[in-house]
Amino acid sequence: MSFDARVRLRRGPLHLDVALTAAAGETCAIVGPNGAGKSTLLAVAAGLVRPDAGRVALDGVVLDQVDVDDSGRVVRPPVHVPPRARPIGVVFQDLALFPHLSAAENAAFPLRARGTPAAEARARALAALDHFGVLARADARPGALSGGEAQRVALARALIAQPRLLLLDEPLAALDRPARARIRALLRDVLGAFEGVAVLITHDPRDAEALADRLIVLEDGVVTQSGAIDDVMSAPKGAFLRQMITADASGDRYPDTGHARSGHQSTEPGDSAVAG
Amino acid sequence: MPPPGRPAPALARAAALVAVAFLVLPLVGLAARAPWGRAGDVLRAPATLDAFRLSLVVSTTATAFSFVFGFPLGWWLARGGGRAMAVVRPVVLLPLVLPPVVGGVGLLAALGRRGIVGAWLARLGIHLPFTTTGAILAATFVSLPLVALAVEGGFRALDPRFEDAAAAMGASRGYTLRRVTLPLLGAQVAAGLALGWARALGEFGATITFAGNLQGRTQTLPLAVYELLQTDPDAAIVVSLILVVVAAAVLIILHRRLFGAA
């Protein structure tokens, strides 16, 4: 049970060349500057972008395989499992909740898309919204939700079809500080209980520390450092990670440092319902 | 949206008033000269009823064709990319600026009895000129580009992430189209269909050229107005007013869709 990706991809100025492995139950955080290829890597994992070369496999099942010779020519017919056939859940950057559907319809979408009858899908969606503490907003459109509520609906939607691979693209970036702390604690519980592989993109070292088991630093399309989260954070090699940690410790960007490091508990009553 | 800026100067406002008066004047003329006492008789006349019924059939069928083919066309224009668009786009835009009568002559040259395709159709026993089908084709010729352009605009404004998200959540292409793309394009498509329908309803030049002016078969309301104007001008005014009312109704629907959302 694991996720295993070796990906080479050229996209405009980006030369992505990454190997990533994560075991089931593990959360792997990817940090790196803008344009480093983080989101592109996630899109490859989701099947939305096809690699030029490499292999992506989940639980031993090949999702993408493109074999090339030294000159980059594809040597055998590539394997590509389309996104809809992958056991994945995705929380997109800016969430991409469907604006014309209610929170419940959004959460039910992955079930309805796979043919689950409407009544059953709705019941499960309501249960998921309840689990994430937003049942009261079931009939609201995304436009009427607060940032934190929208994030919870997006999480419910990503998890409802019981994916084996959970992809989270900057799940905390769009939130204000109090909501950020609450959702971080919620995510910690979700990821702690999640049995599949989770890959998380973030630009905040505190998010990575609070949520991830392993950390990968991606710069200019290549991995500059990777390993267990504590090892990487305590011995940052690259300029990017050092800068990020310094900016964080000095407190000028995120003055509420300490909350995430204080551990597991959420101080917000609204999140107590979400025990792992 | 940027702030409205300074108010327009007095001279511009005066000129604007002249423009508004000029646009309103014909409607006032219609209302003032309408023989209201005879209106009921004119509306109940068989020729009017025929034209009314035929207009509904022709413009609605033409709009349906415009949707079935204009939707994929707009999709392709927005998402097709490539050099083909340099040719396709002008072809789609041309009917909008072409004099409709030229469109009708073109349809005759193409689909008429001796047209490049029409001769071939005639051998199969299919005759399009001077038939209701011909009137529908003439109306489709002018309404399809409007629908296609509205759909194209909708696709350009549509955030492709929603379709990606649907795919990543297990949705097939068909399901994504039905449950995500079409609903998100809804307002744009509806606006395009309303414009296309109104354009089809008003079609005159291409219709009279290609389909003729046969009561009950190709004589739509605009053609009926034209004919009445030569025999019974008062009745022409009454029938014109029907078209004004219908156009106003379309405008109200459009206004809600396009400008009323805010």
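Two residues are in contact here if their C-beta atoms, placed from the backbone, lie within 7 Å. Keep that in mind as you browse these views of a predicted model.

**View 1. The surroundings of A:Ala107.** Leaving aside residues up to four places away in sequence, A:Ala107 touches A:Ala125, A:Ala128, A:Leu129, A:Val153, A:Ala156, A:Arg157 and A:Ile160. A:Ala107 is also among the residues with the most contacts inside the largest nonpolar core.

**View 2. The largest nonpolar core.** This core has 146 residues, and A:Ala45, A:Leu129, A:Leu167 and A:Val199 are among those with the most contacts inside it. Helix α7 of chain B, residues 132–157, gives the largest share, 15 residues. Domain 1 and domain 2 of chain A both give residues to the core, so it lies between them. In soluble globular proteins, nonpolar side chains tend to be buried together.

**View 3. Two domains of chain A.** Here you can look for domain 1 (2–87 + 163–271) and domain 2 (99–160). Their C-alpha centres lie 24 Å apart. Twelve residues from domain 1 and seven residues from domain 2 make up the contact. On the domain 1 side, helix α5 (residues 177–193) of chain A supplies the largest share, four residues. That side divides into eight nonpolar, one polar and three charged residues.

**View 4. Where chain A meets chain B.** In this view, 15 residues of chain A are in contact with 15 residues of chain B. On the chain A side, β7 (88–91) and α2 (103–113) each supply at least two residues, and the largest share, three residues, comes from α2(A). By class, this side of chain A has twelve nonpolar, one polar and two charged residues.

Methods:
Residues are numbered from 1 along each chain as its sequence is written. Chains are lettered from A and ligands numbered from 1 in the order in which they are written. This is a predicted model: local features need pLDDT of at least 70, side-chain atom pairs count only at pLDDT 80 or more; totals for chains, interfaces and linings use all residues. Ala, Val, Leu, Ile, Met, Phe, Trp, Tyr, Cys and Pro count as nonpolar, Asp, Glu, Lys and Arg as charged, and the others, Gly among them, as polar. A nonpolar core is a set of buried Ala, Val, Leu, Ile, Met, Phe, Trp, Tyr and Cys residues joined through C-beta atoms within 7 Å. A residue is buried if 20 or more other C-beta atoms lie within 10 Å of its own, exposed if 12 or fewer, and partly exposed in between; C-beta atoms are placed from the backbone. Domain bounds come from an automatic or database domain assignment.
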